[in-house]
Amino acid sequence: MLIFVAVQVYADEERDSRTIMGPSNIDLFDGAHALLARDAEKGVQLTLRGLKFAQGHREEKAGHANLCAGFLMLGQAETALLHCDWVIERDPNYWRTYNNRALVYLHLQRFDESDADIKKGQALKPRSEKLKDVKGLYLDAVDPVTENITIDDRRKVPQTPVERPDQ
Amino acid sequence: MSRIWVVLPLLIVAPALAADDAPLVARVVDAYTDRIPVQTVVPIYPRKARRDRVEGEVHVCFHINRKGRTRRVGVRTSTNRAFERPSIKAVSASTFRPLAEDEPLREIKSCRTFIFSLEPVLD
């Protein structure tokens, strides 16, 4: 399964007496960029290292979410599932991880669980195009279809008036 | 002073759907028109419509000039806007047999209906 990875950037601003710009955890940051560049091996390696020094729940969550993506890219769906589960256990309202876990379940051919995660994600983020993409993959797996385009050049309206017997 | 904290949680995004590889079935039901089609271009099934399992129908009308090219292409009716652009593009790229110099140009207007449907793949 081909996997594209997208990045969500969060920026918090708070006022204090210092100016610190840029990521607080370089390994997590670089790991995310390596994953974006489809270098799953390097991305996972850096993210694992960054996770050791993660500060706070938010960085941990980001790290595990990225590992879920990274291990899936490496084809290690079972390991990816552990990291997605970690995030969802701690934050059941994180729709992105439902999106990721639905893909992991698809990879594992656990279709019912994939469908359940898509529904949970869509309940949290109803208009997400990414979740619609995963839903499309799910449907392709369980209910594949083929495209059919019919071209009909027949005239809808007769060009000449129809003659009626009583006229 | 500001402190900007940046974290990059990744999101696995679905691949381009298998639509690209899927066989496209196209058939012309009839060609009841004065002009003879030379090249009939089949529209592309919109990716999002296929993904969302949306089907639809578009009725496009257009003029055919002496050279057999289509002009003034416009949608007459459609069930879903997603299908309109590919239908217009398909008609615009389609051609008909040119008329000979001494051949009169009787009827220049024609219409074409595109029916976009999805059929289950049978094992």
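Predicted model: local features only at pLDDT ≥ 70, side-chain atom pairs only at ≥ 80, totals over all residues.
## A walk through chains A and B

How many other C-beta atoms lie within 10 Å of B:Thr95? There are 16 of them, and B:Thr95 therefore counts as partly exposed, since this class falls between 12 or fewer for exposed and 20 or more for buried. Leaving aside residues up to four places away in sequence, B:Thr95 touches B:Val38, B:Gln39, B:Gly68 and B:Arg69. As for B:Phe116, 21 residues separate it from B:Thr95 along the sequence, and the C-alpha atoms of the two are 21 Å apart in space.

**Chain B as a whole**

Stepping back, chain B contains eight strands and two helices. Along the sequence these follow one another as β-β-β-β-α-β-β-α-β-β. Of the 123 residues in chain B, 25% are buried. How far apart in sequence are the partners that touch? If we take the contacts in chain B between residues at least 6 apart in sequence, 70% of them join residues at least 24 apart.

**Chain A and its helix pairs**

Helix H1 of chain A spans residues 26-36 and helix H2 of chain A spans residues 40-52.

| Helix pair | Axis separation | Angle |
|---|---|---|
| H1(A) and H2(A) | within 7 Å | roughly 165° |
| H2(A) and H3(A) | 9 Å | about 155° |

Angles over 145 degrees count as roughly antiparallel. H1(A) and H2(A) are therefore roughly antiparallel to each other, and H1(A) passes H2(A) in a left-handed crossing. On the H1(A) side, the contact is built from A:Asp27, A:Leu28, A:Asp30, A:Gly31, A:Ala34 and A:Leu35. H2(A) answers with A:Ala40, A:Lys42, A:Gly43, A:Leu46, A:Thr47, A:Arg49 and A:Gly50. By class, the residues of this contact of H1(A) with H2(A) are five nonpolar, four polar and four charged.

H2(A) and H3(A) are likewise roughly antiparallel to each other, and their crossing is left-handed. Here H2(A) brings A:Ala40, A:Gly43, A:Val44, A:Thr47, A:Leu48, A:Gly50 and A:Leu51 to the contact. From H3(A) come A:Glu60, A:Gly63, A:Asn66, A:Leu67, A:Gly70, A:Phe71 and A:Met73. The contact of H2(A) with H3(A) holds seven nonpolar residues, six polar ones and one charged one.

**Where the two domains of chain A meet**

Chain A is split into domain 1, residues 22-91, and domain 2, residues 94-142. Taken over C-alpha atoms, the centres of these two domains of chain A lie 19 Å apart. Domain 1 of chain A places 11 residues in the contact, and domain 2 of chain A places nine.

Which helices supply the side of domain 1 of chain A that touches domain 2 of chain A? Helix H3 (56-73) and helix H4 (77-90) of chain A each contribute at least two residues to that side. H4(A) gives the most, with six residues.

Methods. Residues numbered from 1 in each chain as written. Chains lettered and ligands numbered in written order. Domains from an automatic or database assignment. Contact = placed C-beta atoms within 7 Å. Helix = DSSP H or I, 4+ residues; strand = E, 2+ residues; numbered from the N terminus. Axes fitted to C-alpha atoms, helices over the stretch in contact; angles between N-to-C directions. Parallel < 35°, antiparallel > 145°, perpendicular 65-115°, else oblique. Left-handed = near helix turned anticlockwise from the far one by under 90°. Nonpolar A, V, L, I, M, F, W, Y, C, P; charged D, E, K, R; others polar.
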